[in-house]
Amino acid sequence: MSSQPVYDVIVAGSGAAGGIAAYVLATKGLRVLCLEAGRMIDPAKDFHTHKFPFEWPYRGQGKPGQYGSLPEGMAWKIKAWTDHLYTIPDEDPYAVAPGSKFTWTRLRAVGGRTNFWGRGCDRFGPLDFKPKSLQDGWGDDWPISYEDVAPCYEKVEGLIGVAGSAEDVFNSPSGPHLLPPFNPRCGELLIKKGAEKLGLKVLPITLAVLSQPYDGRPECHYCGACSWGCDVGARFSSLDVLVPKLQPLRNFTLLPNAVVHTILMDRHSGKACGVSYIDAETNTEREAYSKAVVLGASMIESIRILFNSRNRDYPNGLANSSGTLGRYVMDHVSFNIIEGFFPQLAGRPTTNDDGPGASCLYIPRYNYGHKDKKNYLRGWRLDFESGCRMGPGPGADLPGFGAGYKRKIKELYPAACSMRGYGEGLAFDSNYVEIDPDGLRDRFGIPQVRFHTSAEYPHAFAIRDEMYGQMEEILKASGAEILPYKKVAPYPLGAVTHEAGGCRMGDDPRTSVLDGWNRCHDVKNIVVVDASCFVSHPEKQITHTIMALSYRACDHLAEEFRLGNV
């Protein structure tokens, strides 16, 4: 150990959580080593942003059977554009207990899943941090409030560049210094009018996409391919925005291909003193040393690291004296979209409606109160899309063949519309992850996880049915014709890549893993900053909150270093 450097902080992960952590700590002057399990990527070579389906064999879907049996919610992610960066489950499997389902999306590369994320930047509201005391008495409150996190939301928005509106509604706050919102498409304006007939507020969506040049980065050029990467840096990713700011710093070191699997402990002090990791290029074991460890490796990976760091003092997992590590895993209540078309837009000329790669408007949660009249808890948000996109549109789902069928597709193509929603998912002790008791290991020989999770519980079905009804009502009020659809069970946890929980915050060390500063109750110099720290899972997108919490926790950690408390 004496021959190796001792960093102030080792950060595991370089995505939304780890990237922000490294940025805050390094710019505060601390000596930071950032370990990333994946490789460094070059957007010019690794992103195929402007490549159309007809340019790929098999239209970009991969040769039949190439990706094996993909779990629900993963087929739209792993395609020819992305299969070199995502982990294909059949090639590196994880375990799922009988009767359970979980879709685990793994992207190992510098920048993590921010390379292909949805870019939604909702802020959680005051009620979301105190759902038990301020909403309905169910579950648990966070040990922090919206007022604690709001300054960090604003700092993150200024750092990454966020377009949206300063207008907000009850419990859906907005930042005061956002870039201008994007202009809606024709169909989105029709849905806005329909929703407003029903008394529902429609707002510009808040996106981490640049609507004008910002911080040396160009504005979005409307190719609509954000889910395949951005080769100009017009949308936020840790790779495009944070790493270029960090690499010139002499106190920052980025080490790709370093798969962290264990936290090292000093038996004398009871503190963390570094990590063990696998060099993915040589498959050799290495160690790195530090005064503090920050886990931002993504929710499941951070939990797995803590479990695999079990020792004599913590036989059930490091920092798991509460027994809650891995428990209370959550995700949004989500399911299939409802599709339709606007007759008044049928037959109009085809236009490029790609825009910023997402819808430009959305309907924030509106059903607060009335808990005595609802058979579910909390509520939902609704998103909608319209216009000409890369797919064939609604006509492709209609029966037919030949020239007449093709004419129908072209007629309806510009008139397409769809709606989907995210409902609040609840935290249950019965939804948990553990190290696989049958000894499954990953490709590097690291003990792998097993999921005991289900998204099919009474609240989820009840809120699903209400959301289906609301989406139909809004589309009809908008003048849309709804295509036939089938109600499906709520998607498995993880299917929309919004999983959270498992290492939750709390004031009581007997019922939580982390304190209000994201420090492990049991080992104060281990800080966990990804979505595993979540206590509840409101209807809002979660990445902005991950980044804000990481910023807050690491700003506090840097102050603790300054005061000599680490």
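**From a loop to a helix and its neighbours**

Guide: Let us begin with N283, which is partly exposed at a relative accessibility of 48%. The model is predicted, so local features need pLDDT of at least 70 and side-chain atom pairs count only at pLDDT 80 or more, while totals for chains, interfaces and linings use all residues. Residues are numbered from 1 along each chain as its sequence is written, and side-chain values use heavy atoms, leaving out hydrogens and water.

N283 sits in the loop that joins β7 (271–279) to β8 (284–295). Helices (H or I, at least four residues) and strands (E, at least two) are DSSP runs, numbered from the N terminus. The phi of N283 is near 55°, a positive value in a residue other than glycine. R119 has a positive phi too, near 75°, and belongs to the loop between β3 (95–96) and α3 (126–129). R119, however, is buried, with a relative accessible area of 1%.

The buried residues of α6 are G187, E188, I191, G194 and A195. Viewed down the helix axis, these buried residues lie within an arc of 120°, so they line one face of α6; the arc is that of the directions from the helix axis to the C-beta atoms. An α-helix has 3.6 residues a turn, so residues three or four places apart point the same way. K193 and K197, on the other side of α6, are exposed. After the helix comes G199, with a positive phi near 85°.

What do the buried residues of α6 pack against? They pack against β10 (361–363), β11 (380–386), β12 (416–423) and α10 (458–477), where contact means heavy atoms within 4.5 Å.

Strands β11 and β12 are antiparallel partners joined by 7 bridges; two strands count as paired if DSSP finds at least two bridges between them. Within this pairing, E385 has S418 of β12 as its bridge partner. Strand β9 (residues 338–341) also pairs with β12 in the antiparallel sense, over 4 bridges, and here I338 is the bridge partner of M419 in β12.

I338 leads on to the nonpolar cores. A nonpolar core is a set of buried Ala, Val, Leu, Ile, Met, Phe, Trp, Tyr and Cys residues joined through side-chain atoms within 4.5 Å. In the largest one, of 116 residues, L25, I263, V294 and F534 touch the most other members. Apart from that core lies another of 32 residues, which includes I338 together with L200, Y376 and L412.

Definitions and conventions: Buried means under 20% relative accessible area, exposed over 50%, partly exposed in between (1.4 Å probe, protein chains only).
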